[in-house]
Amino acid sequence: MEHKKEKQKRMVCHLEYQGQHYYFGNLKVLTDNFSREQLGIGYKSLANHFTKHDYFSNNLCIIRKSAIITSIRDSK
């Protein structure tokens, strides 16, 4: 049986807030850790925004949605 090697690609959300940088595996976790008042936007509006964009910013924060490519693993 042949094993195929694949790069693992995972979504990541980068939040820049008050000069600090935070990284989350998805938007829900981000908005569970930072409130609508802190971010200036809620989960549903943010999720809707990211259906067409990879970047959000306002006077409170910057949020980028991207992917991390991890090490190559065997897929069976």
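## Getting started

Helices here are DSSP runs of at least four residues, numbered from the N terminus. Lys 28 belongs to one of these, helix H1. Before we look around, please keep in mind that this is a predicted model.

Cys 13 lies 15 residues away along the sequence, and the C-alpha atoms of Lys 28 and Cys 13 are 9.9 Å apart.

## Thr 31, a buried residue in the helix

Helix H1 spans residues 27-33, and Thr 31 is part of it. Thr 31 has a relative accessibility of 15%, so it counts as buried; the cut-off for that label is under 20%.

What does the side chain of Thr 31 reach? It comes to 3.2 Å from the backbone oxygen of Lys 28. Leaving aside residues up to four places away in sequence, Thr 31 touches Leu 39, Tyr 43 and Leu 46.

## Gln 18, in a loop between strands

Now turn to Gln 18, which sits in the loop joining strand S1 (4-17) and strand S2 (20-24). Its relative accessibility is 64%, so Gln 18 counts as exposed.

The backbone of Gln 18 deserves a look too. Gln 18 is not a glycine, yet its phi is positive, at about 50°. For context, most residues other than glycine have a negative phi.

Technical notes
Residues are numbered from 1 along each chain as its sequence is written. This is a predicted model: local features need pLDDT of at least 70, side-chain atom pairs count only at pLDDT 80 or more; totals for chains, interfaces and linings use all residues. Side-chain values use heavy atoms; hydrogens and water are left out. Helices (H or I, at least four residues) and strands (E, at least two) are DSSP runs, numbered from the N terminus. Buried means under 20% relative accessible area, exposed over 50%, partly exposed in between (1.4 Å probe, protein chains only). A polar contact is a pair of N or O atoms within 3.5 Å; within protein, one must be able to donate a hydrogen and the other to accept it, and residues adjacent in sequence count only if both atoms are side-chain atoms. Contact means heavy atoms within 4.5 Å.
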